[in-house]
Amino acid sequence: MAINHIVLTGISTSGVVLSTLREAADKDYFLTVLSDCCFDMDEEIHRVLMTKIFVRQAEVMKAAEWGVKI
């Protein structure tokens with residue numbers, strides 16, 4: 001299918017989004033995480049993942065920057 005870029009969003013930043021990002025990065029996909037389309041019950045964990053962890057393996061941006069109107 002020639003898919004090489006995945007855009008991630010999700011309800012559990014520290015669960016589903018983190019797990020998906022790690023697996024997709026291991027499979028050499030180019031990744032974008034839409035930070036304002038993700039949520040975690042712990043705001044500090046969400047912030048740390050977005051600003052310190054995810055940026056090592058993905059481009060992190062807001063939906064409007066990517067072109068999504070929410």
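At the start of α2, which backbone nitrogen does a side-chain oxygen of Asp 42 reach? It's the one of Glu 44, and the oxygen comes to within 2.9 Å of that nitrogen. I'd call that a polar contact, meaning a pair of N or O atoms within 3.5 Å where, within protein, one must be able to donate a hydrogen and the other to accept it, and where residues adjacent in sequence count only if both atoms are side-chain atoms.

Quick housekeeping, then. This is a predicted model, with local features needing pLDDT of at least 70 and side-chain atom pairs counting only at pLDDT 80 or more, while totals for chains, interfaces and linings use all residues. Residues are numbered from 1 along each chain as its sequence is written, and side-chain values use heavy atoms, with hydrogens and water left out.

Okay, the overall layout. The protein chain has 3 helices and 3 strands, and along the sequence they go β-α-β-α-β-α. Those are DSSP runs numbered from the N terminus: H or I with at least four residues for helices, E with at least two for strands. The C-alpha trace spans about 35 × 25 × 20 Å along its principal axes.

Now the sheet. It's open, the order is β1-β2-β3, and the pairing is parallel; two strands pair if DSSP finds at least two bridges between them. At the edges sit β1 (5-10) and β3 (59-61), each pairing on one side only. Neighbouring strands are turned by 20° against each other on average, direction ignored. Axes here are lines fitted to C-alpha atoms, for helices over the stretch in contact, with angles from 0 to 180 degrees between N-to-C directions. Between β1 and β2 (residues 30-38) there are 5 bridges, and Leu 8 has Val 33 as its bridge partner in β2.

Back to helix α2, residues 43-53. α2 packs on the sheet, touching β2 and β3, and its direction makes about 150° with that of β2. Contact means heavy atoms within 4.5 Å. Which residues of α2 are buried? His 46, Leu 49 and Met 50. These three cover an arc of only 90° around the axis, so they're on the same side of α2; that arc is taken from the directions from the helix axis to the C-beta atoms. What they pack against is α1 (13-26), β2 and β3.

Last bit, the whole chain. Buried residues make up 30% of the 70 residues, where buried means under 20% relative accessible area with a 1.4 Å probe, protein chains only. And of the contacts with a separation of 6 or more, 75% come from residues 24 or more positions apart.

Notes
Buried < 20%, exposed > 50% of the residue type's maximum accessible area, 1.4 Å probe, protein only.
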